[in-house]
Amino acid sequence: MAELLKGAPVAKAITEELTARCEELKKRGCIPTLSILRIGDNESDIAYERGVTKRCETIGIRVVKTVLPQTVDQNWVLSEINRINADPEIHGCLMFRPLPNHLYERALCEALDVRKDVDCMTDGSLTGVFTGNGDGFAPCTAESCIEILKYYGYPLNGSSAAVIGRSLVVGKPVSMLLLAENATVTVCHSKTRNTTEICRDKDILIVAAGRAKMIDSSYTNPSQIVIDVGINVDSEGNMFGDVDFDSVEPACAAITPVPGGVGAVTSAILCRHLIVAAELANP
């Protein structure tokens, strides 16, 4: 039976550390503050907002919410972003995406001050991920994958890893984060030949393909660590990963569950980014 890499203990450890750092900031007169900017009433956005808010309250982070109507125009959103940029008491901003189709999302993301970009919305933050330098932070989900591997003691230095998926949200940035830890990384995607064979001989497999139960035991080996980033919901509300858990779990050494794996860590990583931003703004 594979080791189950649950996210809750990881998030708890991060939360305890951040609570102490938050108290230190407050002693220096700084109240770490997160601005949440949400457009419309998408249920998944609201659910994540609820989780982030609860985590922030536990740590001691103040949350300021701005909810705009679905029909909001570009200039209205831009004015809100500019207000957040100009407010020295706000240390980070979480803006839910994707934005409504009538908005030019890229321009709005780029308008955010990179120093307040706690979930890698800007090109400046991505540059930092790819170069290892600069302001901004990695995407929370990508960083959560690395955090889980480190927490459970799986060595990254010198390991071989396959990443399935090449999005800017997970696939590409998590590959860069693995490289920064001295892993050797192969990125697989829809045009990759012999994906099964490539993945099977790797120490670590990170799956962010966006297809429910796409990965079965033919992709794995008995000593492999499998990180499932996928979130897929069926018509009955059941949640599944991109990995066929029942097939893969007996055929690998360790695996993250869905739900309860990577997703359980992301809000804690977001809070870490916020605390770091507050510390940088109040040295």
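Let me start with tyrosine 151, which at 41% relative accessibility counts as partly exposed, because that class takes in what lies between buried, under 20% relative accessible area, and exposed, over 50%, with a 1.4 Å probe and protein chains only. Its ring and that of tyrosine 152 have their centres 5.0 Å apart and their planes at 80 degrees, so we call the pair edge-to-face. The rule here is that rings of Phe, Tyr and Trp, the last by its six-membered ring, pair if their centres lie within 6.5 Å, with planes under 30 degrees apart counted as stacked, over 60 as edge-to-face and the rest as tilted.

Before I go on, please keep in mind that this is a predicted model, in which local features need pLDDT of at least 70 and side-chain atom pairs count only at pLDDT 80 or more, while totals for chains, interfaces and linings use all residues. Residues are numbered from 1 along each chain as its sequence is written, and side-chain values use heavy atoms, with hydrogens and water left out.

By the ring rule, the count comes to 2 aromatic pairs. The other pair I would like to show you is formed by tyrosine 48 and phenylalanine 96, whose ring centres are 6.1 Å apart and whose planes are at 85 degrees, so this pair is edge-to-face. Tyrosine 48 belongs to helix α2, residues 43-59, and phenylalanine 96 to the loop between β4 (92-95) and α4 (105-111), so the pair ties together parts that are 48 residues apart in sequence. Here, helices (H or I, at least four residues) and strands (E, at least two) are DSSP runs, numbered from the N terminus. As for accessibility, tyrosine 48 is partly exposed at 25%, whereas phenylalanine 96 is buried at 7%.

That loop between β4 and α4 also holds proline 98, which is joined to arginine 97 by a cis peptide bond with omega of about 5 degrees. A cis peptide bond also joins valine 258 and proline 259, with omega of about 0 degrees, and proline 259 sits in the loop between β11 and α10.

Turning to the sheet, what is the order of its strands? It is an open sheet of 6 strands, in the order β1-β11-β8-β7-β5-β6, with parallel pairing, where two strands pair if DSSP finds at least two bridges between them. Its edge strands, each pairing on one side only, are β1 (3-4) and β6 (184-188).

Helix α6, residues 140-151, lies across β7 (204-207) and β8, running at about 145 degrees to β8, and helix α7, residues 171-180, lies across β5 (160-164), β6 and β7, at about 170 degrees to β5. The axes are lines fitted to C-alpha atoms, for helices over the stretch in contact, and the angles run from 0 to 180 degrees between N-to-C directions.

Next, the interior. In soluble globular proteins, nonpolar side chains tend to be buried together. A nonpolar core, as used here, is a set of buried Ala, Val, Leu, Ile, Met, Phe, Trp, Tyr and Cys residues joined through side-chain atoms within 4.5 Å. The largest one has 55 residues, of which Leu34, Ile61, Ile206 and Ile227 touch the most other members, and helix α10, residues 263-281, gives the most to this core, with 9 residues. A second, separate core of 16 residues includes Leu37, Leu68, Ile81 and Leu103.

Finally, consider strand β3, residues 62-68, where we find threonine 66. Is threonine 66 buried or exposed? With a relative accessible area of 14%, threonine 66 is buried, and its side chain makes a polar contact of 3.3 Å with that of arginine 83. A polar contact means a pair of N or O atoms within 3.5 Å; within protein, one must be able to donate a hydrogen and the other to accept it, and residues adjacent in sequence count only if both atoms are side-chain atoms. Valine 67, also found in strand β3, counts as partly exposed at 42% relative accessibility. Leaving out residues up to four places away in sequence, valine 67 touches Arg38, Gly40 and Asp41, where contact means heavy atoms within 4.5 Å.
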